[in-house]
Amino acid sequence: PVNRSIVLSAPGLTDSSGIPANLTVSFKTGDTTATVSGSFAPVTSPTRQSFTLYAANRTTYFPQSISQVFTFLVNPTPTLSLNLPSGQVGSPYSGSVRVAGGTAPFTFLVSGNLPPGLQLDPTTGTSSGPPTAGGTFALTTGIVDASGATASAPVALNIIALAPTITTSSLPNGTVGTPYVATTLAATGGSAPYSWTAPTGV
């Protein structure tokens, strides 16, 4: 979208030409200000579009006229390219969002369930940090460019939990005929809560 005012410091406006499609240049004859509004037609590569304003003074003795060409750089609508691979709990993670088109600088955003332990850099689009929980996390990543244009994409980011490991390495000895001392086993990794089983006969 475009909504800008163009101010001429001298003579009043008289005419315009070459207005791009979908744009409107509004002024009254004699005004020193013109308002440009509307939106540019989509482009596939950076494109310069121009129009001309004409102005003239009001004297009848020494009439003077001028023209001024105004040029806009029109960028393609931004699109996203995602590089967000699966990660593993406790391991360094690196993912990125890249932008094609749009107008820099970009602000990167994320909404939804970003895996615990990961952080998004809003200026580079890089996600990093060791995740602390496993699972599949539904989120939406997006950007806002310098002109206010936006783009977004849904993501299902998979974080693999570490295989559980029993950390209790030994148990107290027991005596036949004597109640065994209750002992708590410990484990790490995986996704709590754990389900414990014992071999037949134990």
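These legends describe close-up views of a predicted model.

**View 1. An open sheet of three strands.** The strand order is S2-S5-S6, and the pairing is antiparallel. Strand S2 (12-17) and strand S6 (65-74) stand at the edges. Each has a single partner strand, so one side of each is left without a neighbour in the sheet. From one strand to the next, the twist averages 30°.

**View 2. The pairing of S5 with S6.** Strand S5 covers residues 47-56. It runs antiparallel to S6, and 10 bridges join the two. Ala55 stands opposite Ile66 in S6. Strands of a sheet pair through backbone hydrogen bonds, either parallel or antiparallel.

**View 3. A cis peptide bond at Pro105.** The bond from Ala104 to Pro105 is cis, with omega near 0°. Pro105 lies in the loop between strand S9 (94-100) and strand S10 (107-112). Most peptide bonds are trans.

**View 4. A positive phi at Asn22.** Asn22 is not a glycine, yet its phi is positive, about 75°. Most residues other than glycine have a negative phi. Asn22 sits in the loop between S2 and strand S3 (23-26). Its relative accessible area is 51%, so Asn22 is exposed; the cut-off for exposed is over 50%.

**View 5. A nonpolar surface patch.** Ile166, Leu171, Tyr180, Leu185, Tyr194 and Trp196 make a patch of about 600 Å². One of these residues, Ile166, is in strand S15 (residues 165-166). Ile166 counts as exposed because its relative accessibility is 52%.

Key
Residues are numbered from 1 along each chain as its sequence is written. This is a predicted model: local features need pLDDT of at least 70, side-chain atom pairs count only at pLDDT 80 or more; totals for chains, interfaces and linings use all residues. Side-chain values use heavy atoms; hydrogens and water are left out. Patches are made of residues with over 30% relative accessible area and no salt bridge: like charges are joined within 9 Å, nonpolar side chains (Val, Leu, Ile, Met, Phe, Trp, Tyr) within 5 Å. Accessible areas come from the Shrake-Rupley method with a 1.4 Å probe; for residues, only the protein chains shown count as cover. A salt bridge is a side-chain nitrogen of Lys or Arg within 4 Å of a carboxyl oxygen of Asp or Glu. Helices (H or I, at least four residues) and strands (E, at least two) are DSSP runs, numbered from the N terminus. Buried means under 20% relative accessible area, exposed over 50%, partly exposed in between (1.4 Å probe, protein chains only). Two strands pair if DSSP finds at least two bridges between them. Axes are lines fitted to C-alpha atoms, for helices over the stretch in contact, and angles run from 0 to 180 degrees between N-to-C directions.
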